[in-house]
Amino acid sequence: MLDVLAAMRKSRQALSDAEITRRAAVNPQYLQRHRDLKAEAETVRAHLAQDRPRAVAAATARKEAALEVENRMLLEQNAALQRTLHEVQNELRTLRAHNLGARLRDGLNASSMRDTEMEELREQRDAALAAGRQAETAMQALRNVNQRLMIENSRLIAADTPEPPRTAAAVPEPPGH
């Protein structure tokens, strides 16, 4: 796709979406699914036509597509961190259940457990808790980045929206001048 777009720019010949996908030998719906490439094609066409409003709209679409891709990546990272957090929480529950089971087997006498087994359980618990805290911290950082990206996206869209032209109202001159 990028080679076809580069050739279009070099030859200074605007191509339709259908012609671009045909030359790139991809599915005709490919550009509809890849908004970033569709925006790039529109940017090239606007540049070739020297159409400033169309170029601004294409640049906005390209920014939105890039933010959408980045947002999708952040959401995937967030989901992976949530899965890790759930795994760590499950491990912690298992450790707690084993600890309770050992206490019950020993007649609710925690001191009857061998010191090495207790220390091992404590280390496992501490490791699971630390991993959980790290996952929560990373998730919060991703949420903050996602929120900043959404604010920046809104700001960029607002900045690219042209303002309606203002007409100066005729100010009447004071009487006697």
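Reply: The residue to begin with is Leu 48, which, leaving aside neighbours within four places in sequence, is in contact with Met 8, Arg 9, Arg 12, Gln 13 and Ala 14, contact meaning heavy atoms within 4.5 Å. The model is a predicted one, in which local features need pLDDT of at least 70 and side-chain atom pairs count only at pLDDT 80 or more, while totals for chains, interfaces and linings use all residues. Residues are numbered from 1 along each chain as its sequence is written, and side-chain values use heavy atoms, with hydrogens and water left out.

Leu 48 belongs to helix α4, residues 35-49; helices here are DSSP runs of H or I with at least four residues, numbered from the N terminus. The helix has 15 residues and reaches 21 Å from its first C-alpha to its last, close to the 21 Å expected at 1.5 Å a residue, where the expected span is 1.5 Å times one less than the number of residues.

Leu 48 counts as buried because its relative accessibility is 16%; buried means under 20% relative accessible area, exposed over 50% and partly exposed in between, with a 1.4 Å probe and protein chains only. Elsewhere in α4, the buried residues include Leu 37, Ala 39, Ala 41, Thr 43, Val 44, Arg 45 and Ala 46. What covers the buried residues of this helix includes α1, α2, α3 (30-33) and α5.

Glu 40 is also found in α4. With a relative accessible area of 16%, Glu 40 is buried. Not counting residues up to four places away in sequence, Glu 40 touches Leu 5, Arg 9 and Arg 62.

Arg 12 lies in the loop between α1 (2-11) and α2 (17-23). Its relative accessible area is 51%, so Arg 12 is exposed. The phi of Arg 12 is near 55°, a positive value in a residue other than glycine.

A positive phi also marks the residue that follows the helix: after α4 comes Gln 50, with phi near 50°. Gln 50 is not a glycine, and it sits in the loop between α4 and α5 (52-105). Gln 50 counts as exposed because its relative accessibility is 68%.

Definitions and conventions
Helix = DSSP H or I, 4+ residues; strand = E, 2+ residues; numbered from the N terminus.
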